[in-house]
Amino acid sequence: MSAKSLFNIPYAGINKEGDYNLLIGLTGEYSIVIEINNPVTRYSADPSGYEEYHHLLINIVKILGEGHLLQKHDIISRYAFRAKDAEEYLQRHYNAHFENRECLRVSTYLTITKQVKKGTFYTYDAKGLRDFMQSIGKVLDVLPSGRALDEVAINQLVLQMLSMDFKSGPISLNNLSPTETEVNLGERAVRSISLVNIDSIDLPQEVSTHIELNDKESTRGFPIDFLSFLFKVPGCDAVVYNQVVEIPNQVMTLRKLEQKKKRHAGIPDPANQLCVEDIDLLLTDVARENQLLVNAHFNILICASKGTLPKAANFVESSLFQLGIIPSKNAYNQLELFRTALPGNAGELKVYDWFLTTCDAAMCFFFKESLPKDEPSDFLIRFTDRQGIPVAIDPSDLPMRTGRINSRNRFILGPSGSGKSFLTCSLIENYMLYNMDMVIVDTGHSYSGLCKYYNGKYITYTDKQPITMNPFQITEAEYNIEKKDFLCTLVAVAWKGAEGILSPVERDVIANVISAYYGNFFDNGEKLNFNTFYEFALEKIPEIKREEKILFDFDEFRYVLKKFYQGGEFEAILNNETDRSLFTERFIVFEIDSIKEHKILFPLVTLIIMDVFIQKMRYRSDRRKTLIIEEAWKAIASPLMAGYILYLYKTVRKFWGEAIVVTQELGDIIGNAVVKDSIINNSDTIFLLDQTKFKDNYDQIAALLSINETERRKIFTINQLDNTDQRGRFKEVYIRRGTIGEVYGVEVSLHQYLTYTTEKPEKSAVEKYIDRFGSYAEGLDAFVGDFQMSGKSLPAFITQVNKS
Ligand SMILES: Nc1ncnc2c1ncn2[C@@H]1O[C@H](COP(=O)(O)OP(=O)(O)O)[C@@H](O)[C@H]1O
Ligand SMILES: [Mg+2]
């Protein structure tokens, strides 16, 4: 027996004449099917999203009015993840890591059916059709992402429903044979669980647009879909949630209700009394809030292999029970329920399948969530969604275009060990796919693995080989007010230290000296460097002092700066030529851990590195570039340099660049006006890692970063959801672009892990392999190969490698 012969398919065909293709039912009712995307992204934390969607749905019902059926299908199906092909070595491993991972997809369809009077012959009603088309136009207006299905797509959907097979690709129809409890489809079966019982209605007293998580302290109050358990049904291929409302003639329905109330009120019986109260409540709602009365029907179809179906069905029933819903136990109408779940066929529902309620209440049962999708952009960075499936977001161009952000600068905050550097590595790896230039200022060797991988330049500060640059060496064309300001700041830092203060007179004097220095030296062709500047200043300053009769501690100036002059302790730093290759190198790491406690060198070196970055930016105007500053930002976040930081951020923006500041030092950012005014206020993207360790200071962080209540809720779910099953090691991160943020996972392949890791033993074991083999890829492949062969845990294998 084929599916066809068991039940004649309830459609007469598809009418393609009008603006939209119509699915025509056997009794003449006609439907349009619209594919939509539920606007509330799962775990978006914002209760108002649910409320808005709720009202949107009510509006649609109002637009349609009497004589219509609104049917919504939310199909949650499982499929195996497939990545697009990747060229690049680490990206290939990334794809392999996720290949075939089971994931969920939500497909949502709204079917709007124009009913015809039962029992009458179908007659062509031109006006009725025109009105219908008009209503559909209005519905589509309020559903900007809605897409009316054409004949091919409608047929595909009907076939998918008949076969309960929602994978893309060819579909084969199986025999449909109903039993007491389900409808069999070959090896699989579908069970319908109707939310209301035929005999009695057991629904919660009050329903809302969504519910709240309540199991863990950290996530309490977090909004989720009323039926969010549908995402978690175990052992099933697909769940179809069929939601239907019928809009009956309001006057007649009200009259019937009144009559029923009178009838019941005459008989003194507690059960009847209850019924009268219910009707009263309903009538009050209708009268007071101008509510529509609707007939509602909800049915959850679970499709699974016959063996696992009972487990899946049990899960659904007990989940419903927890929501206060006792689903129908009478399952004898399985085939009927299956048929009525077909798009446009809800008209076949029997009187006992419906319950009368207000439109508002009915819409509370409608499913409202969707899962995140790749953003529509060609500049995409990959994270995972919260179920562990790769999802790509654009942190730069798209949000700039839509006005969500105004700058590409970013601020990364999390306690030590929370995964900041790891996240940054992942970000960098993605960035490098877009031909980006990368300059990293680090204090702790977090980026040595990546730098090796990209064959970049790794510059470590040591006493023997200090990082040297000659910021004085510029051409006349490069000399401008900003350059002069920079040099002024540089001299001030060298003289006073980062925390020092320059009086207005002192600043003027230095600025004067710089002007005069270039005025003389551009012409006479002498060497431009700190030495010649210092010599010039020693002559010029006394001259200015004499002429202007001002106070200026010349002796101190001469003495303090002498150490940067020829013969001094730091003579190399500001005199040696800048390595020109830095301007063309794509990947540079400046590792300045060894001077991070040094009051003078640390800020000074940071400053000259930033200057190199700015020069590089001008030079490489054809590409994106990023400056990443780990803790070194501390060195520059002083009042003396605030102006320079602002200048840096402004310039970065002009030259298609971005600055990323990474920090764990709460003490340094809270209450630091420079950080707030220059760094945070200019970083439209904020990455927050697990903040549990910062719990006690959370209010201060929230104030500093202007985090509101909704965003706070999202932040507190970082690493708190029950989502580690069948996944590799990962950590979650909250990414706020503009005012709204989302939480994503940072999960990568073992190859990437070994490249990013900051754990010393792991790093050195990997380095051993890389050094032994010709290339990074070969070394890493050999490492992973040996590790897998060893049968050991990763820590044990690493210990073994480090010992050998
Ligand atoms: N997303 C992640 N997936 C797997 N391991 C991670 C992840 N993030 C961090 N780790 C582990 O934690 C260690 C510390 O992370 P790291 O980024 O260095 O922290 P932070 O920079 O915040 O101090 C890493 O070396 C790695 O072993
Ligand atoms: Mg770190």
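How many bridges join strand β13 to β14, and in which sense do the two strands run? The legends below take up this question and others, and they describe a predicted model.

**View 1. Strand β14 beside strand β13.** Strand β13, which spans residues 238–246, is joined to β14 by nine bridges, and the two strands run antiparallel. Within this pairing, V245 has A296 of β14 as its bridge partner. Strand β14 itself covers residues 293–305 and is mostly covered, since twelve of its 13 residues are buried.

**View 2. Strand β14 beside strand β10.** Strand β10, made up of residues 188–194, also pairs with β14 in the antiparallel sense, and here the pairing extends over seven bridges. At S194, the residue standing opposite in β14 is N299.

**View 3. Strand β14 beside strand β15.** Strand β15, formed by residues 355–358, runs antiparallel to β14 and is joined to β14 by four bridges. A296, which is the bridge partner of V245, has F355 as its bridge partner in β15.

**View 4. The packing of helices α27 and α28.** Helix α27 (residues 776–790) packs with helix α28 (residues 794–803) at an angle of about 115 degrees, and the axes of the two helices lie 10 Å apart. Their crossing is right-handed. On the side of α27 the contact is made by F783, D786, F787 and S790, while α28 contributes L794, F797, I798 and V801. Sorted by class, the residues in this contact of α27 with α28 are six nonpolar, one polar and one charged.

Methods
Residues numbered from 1 in each chain as written. Chains lettered and ligands numbered in written order. Predicted model: local features only at pLDDT ≥ 70, side-chain atom pairs only at ≥ 80, totals over all residues. Heavy atoms only, no water. Buried < 20%, exposed > 50% of the residue type's maximum accessible area, 1.4 Å probe, protein only. Pairing = 2+ DSSP bridges. Axes fitted to C-alpha atoms, helices over the stretch in contact; angles between N-to-C directions. Left-handed = near helix turned anticlockwise from the far one by under 90°. Contact = heavy atoms within 4.5 Å. Nonpolar A, V, L, I, M, F, W, Y, C, P; charged D, E, K, R; others polar.
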